[in-house]
Amino acid sequence: MSDTTSTQDLTAQQSEQPATTPSESPAQPADVLDQAGAGRAEADRPEVADESMAASEEVADETGAAPKPEKGSRVRQLEREGEVAADFLETLLDIADLDGDIDVDVDGDRAAIAIVDSDEGRVPRRLVGTDGKVLEALQELTRLAVQVETGERSRLMLDIAGHRAQRRSALVELAKVAIAEVQESGMKRSLEPMTAFERKVVHDEVSAAGLVSESEGVDPHRHIVILPA
């Protein structure tokens, strides 16, 4: 058989193979961990480190600002994010043999996922961790799982055992006290370091009071400064 014939046969065989399509199977925790490791290795390379992109993502997290497609399609996209996130978290809980039900909702321009107590038992509070650090890590893993499955970046918000809801209430009260102090003294007021989620809660409260707030510093010491009118 000539080389020309072999090449033609191989080409014909390749053309008969079906086109590859994205996997329809949900992202598994092991796959997501592999993806996260690859992402960290890529981010360590100076040529791909993009500080301006990181800064813009943080602004979006704090302000809620993000490109807004047509409302109907955006809601469907967020609902899809919620479904993928719920599947991922249910698998994770099953693997770890932990109790908990998954609630899925849409909150503004984000998918909102919550792991709540189930009839079988309470959600282990260690999934929240000290100062919510485990919760933050699980949120990032879940966002990555959604990205692996959908091909789109996710800004979903994860809550576990009501931690964020309780923290939100406490932050609103903290912001009200700080706002009153700034209004009375006419001097700016710096708050304690906070996560992007916590800063957004305070920014919203300050804005509603007619004042201006800014974020200063670098994580984990990034904090809010409330300015007088």
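Student: In strand 2, which residue is the bridge partner of Asp 103?

Tutor: Ala 114 is the bridge partner of Asp 103. This is a predicted model, where local features need pLDDT of at least 70, side-chain atom pairs count only at pLDDT 80 or more, and totals for chains, interfaces and linings use all residues. Residues are numbered from 1 along each chain as its sequence is written, and side-chain values use heavy atoms, with hydrogens and water left out.

Student: What makes strand 1 and strand 2 a pair?

Tutor: Two strands pair if DSSP finds at least two bridges between them. Strand 1 and strand 2 (residues 110-116) have seven bridges, in the antiparallel sense, so they pair by that rule. Strands here are DSSP runs of E, at least two residues; helices are runs of H or I, at least four; both are numbered from the N terminus.

Student: Why are strand 1 and strand 3 called edge strands?

Tutor: Three strands form an open sheet in the order 1-2-3, with mixed pairing. Strand 1 (101-107) and strand 3 (157-160) each pair on one side only.

Student: Which strands does helix 4 touch?

Tutor: Helix 4 (residues 71-96) touches strand 1, strand 2 and strand 3. Contact means heavy atoms within 4.5 Å.

Student: Why do Glu 149 and Arg 80 count as a salt bridge?

Tutor: The definition asks for a side-chain nitrogen of Lys or Arg within 4 Å of a carboxyl oxygen of Asp or Glu. Their N to O distance is 3.6 Å, so the pair qualifies.

Student: Why is Glu 149 called buried?

Tutor: Buried means under 20% relative accessible area, exposed over 50%, and partly exposed in between (1.4 Å probe, protein chains only). Glu 149 has 18%, so it is buried. Arg 80 has 39%, so it counts as partly exposed.

Student: What makes Arg 189 and Glu 181 a salt bridge?

Tutor: Their side chains meet at 2.6 Å, N to O. Arg 189 is partly exposed at 27% relative accessibility. Glu 181 is partly exposed at 36%.

Student: How do you know that helix 5 has a span close to the expected one?

Tutor: The expected span is 1.5 Å times one less than the number of residues. Helix 5 has 18 residues and reaches 26 Å from its first C-alpha to its last, close to the 26 Å expected. Just after helix 5, Gly 151 takes a positive phi of about 80 degrees.

Definitions and conventions:
Axes fitted to C-alpha atoms, helices over the stretch in contact; angles between N-to-C directions.
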